[in-house]
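Subject: Handover of a structure and notes on its features

Dear colleague,

Please find below the structure that I am handing over to you.

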Amino acid sequence: MKGYTVAVVGATGAVGQEMLKILEERDFPVAKLKALASARSAGKKVKFKGEEVTVEELRPESFEGVDIALFSAGGDRSRQFAPEAVKRGAVVIDNSSAFRMEPDVPLVVPEVNPEDVEWHKGIIANPNCSTIQMVVVLKPLHDLAKIKRVVVATYQAVSGAGAQAIEELKEQTKAVLEGRPVPPTNKIPRQIAFNCVPHIDKFFDDGYTREEHKMINETKKIMHDDSIKVSPTCVRVPVFVGHSEVVNIEFEKPITVEQAREALERAPGVEVVDDFKNHLYPTPIDVAGKDPVLVGRIRRDDTIENGLNLWIVGDNLRKGAALNAVQIAELLVEKGLV
């Protein structure tokens, strides 16, 4: 198989580190790896396939000779450097929100809309972590009974806000347990230790946050159906890795719990863990470090004609970010688009 020159932008961050790990685990055909990051990280070492790779400062010329560039360095850097990478012949798979809603940029979850990679013009967007794990579960149910409306409440791990947020939870928890004043917050708006914060990203004038708007808009784009109504509430919880979601779905057609379970058991990227009599249901601890999105607590909603309730859990660093990006790269290779 042909080898590719792959750049990982943001290679020292939580998602960048996960990208390196997954490229290695899945034996992606990397002939040469370039680890790129900000000037303050230049010179550091990252491990890839048993070797140490020196991190280079991110510059436009860094992308000379690069075939695929996996970006996870924030929207500002993506907006600045992704066009430079494309200009030099690379296909960019971007993990930020910078290009997701651009009409000429595919927004791809390989289990849901793999065909969309075929119309890329150099940049493919990786969706928001909460959206990814939700649509992987929604797609087989939508195909079965057509979804009218989704009401979702998320319980999102601090790693979704980056490595600094992980440290923030550690330091705050330690302070509370030792009876010391809690250190000031930085990455999360309120104290996260022993708390839940219904505030992820900035608020808009309508009272919804940017994270909630992402779930609304991205779901419609990925599912190719603007008629799906999405009502989200996104909450940060004191968990290190693994986003959880309570999802209530209203369908146009009748659907039974048994039909839903069968469809989900057949669905790619989904694992059903649903045996309440034996207390079997997914939790963030169960999914950390794993690829599938886990779904359980599948039950009827008797307050509406065609309704179901679900509990969905996914590793936000893997399927919610790095794994999905690498799967997109694999699609490009498979389809000969790079």
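The notes below cover the sheets, the helices, the aromatic pairs and a few single residues.

The model is predicted, so local features are taken only where pLDDT is at least 70 and side-chain atom pairs only at pLDDT 80 or more, whereas totals for chains, interfaces and linings use all residues. Residues are numbered from 1 along each chain as its sequence is written, and side-chain values use heavy atoms, with hydrogens and water left out.

**The parallel sheet**

Helices (H or I, at least four residues) and strands (E, at least two) are DSSP runs, numbered from the N terminus. Two strands are taken to pair if DSSP finds at least two bridges between them. An open sheet of six strands has the order β5-β2-β1-β6-β7-β8, with parallel pairing. Its edges are β5 (56–57) and β8 (123–125); each has a single partner strand, so one side of each is left without a neighbour in the sheet. β2 and β5 run parallel and are joined by two bridges. Leucine 36 is placed opposite glutamate 56 in β5.

Helix α1 packs on this sheet and touches β1, β2 and β6 (68–71), and its direction makes about 155° with that of β1. Axes here are lines fitted to C-alpha atoms, for helices over the stretch in contact, and angles run from 0 to 180 degrees between N-to-C directions. Contact means heavy atoms within 4.5 Å. Helix α2 (residues 75–87) lies across β6, β7 (91–94) and β8, and runs at about 175° to β6.

Strand β11 (residues 243–251) and strand β14 (residues 307–314) run antiparallel and are joined by eight bridges. Histidine 243 stands opposite glycine 314 in β14.

Glycine 296 belongs to strand β13 (residues 293–300). At 0% relative accessibility, glycine 296 counts as buried; the term means under 20% relative accessible area, with exposed over 50% and partly exposed in between (1.4 Å probe, protein chains only). Neighbours within four places in sequence aside, glycine 296 is in contact with Val273, Asp274, Pro282, Leu310 and Trp311. Its C-alpha atom is separated by 6.2 Å from that of leucine 310, 14 residues apart along the chain.

**A helix pair**

How do α3 and α5 lie to each other? The axes of helix α3 (residues 129–145) and helix α5 (residues 210–223) come within 10 Å and cross at roughly 40°. α3 and α5 are therefore oblique to each other, where angles under 35 degrees count as roughly parallel, over 145 as roughly antiparallel, 65 to 115 as roughly perpendicular and the rest as oblique. The crossing of α3 past α5 is right-handed, a term used if the near helix is turned clockwise from the far one by less than a right angle, and left-handed if anticlockwise. Residues of α3 that meet α5 include Met134, Leu138 and His142, and those on the α5 side include Met215, Glu218 and Ile222.

**Aromatic pairs**

The structure holds three aromatic pairs. Rings of Phe, Tyr and Trp (its six-membered ring) pair if their centres lie within 6.5 Å; planes under 30 degrees apart count as stacked, over 60 as edge-to-face and the rest as tilted. Tyrosine 4 and phenylalanine 28 form a tilted pair, at 6.5 Å centre to centre and 40° between the planes. This pair links distant parts of the chain, with tyrosine 4 in strand β1 (residues 4–9) and phenylalanine 28 in the loop between α1 (14–25) and β2 (30–37), 24 residues apart. Tyrosine 4 and phenylalanine 28 are both buried. The ring centres of phenylalanine 63 and phenylalanine 71 are 5.6 Å apart and their planes are at 10°, so the pair is stacked. Phenylalanine 63 and phenylalanine 71 are buried as well.

**Positive phi values**

Most residues other than glycine have a negative phi. Lysine 49 has a positive phi, near 55°. Lysine 49 lies in the loop between β3 (45–48) and β4 (51–54) and, at 38% relative accessibility, counts as partly exposed. Histidine 224 also has a positive phi, near 55°. Histidine 224 is located in the loop between α5 and β10 and counts as partly exposed at 48% relative accessibility.

Yours sincerely
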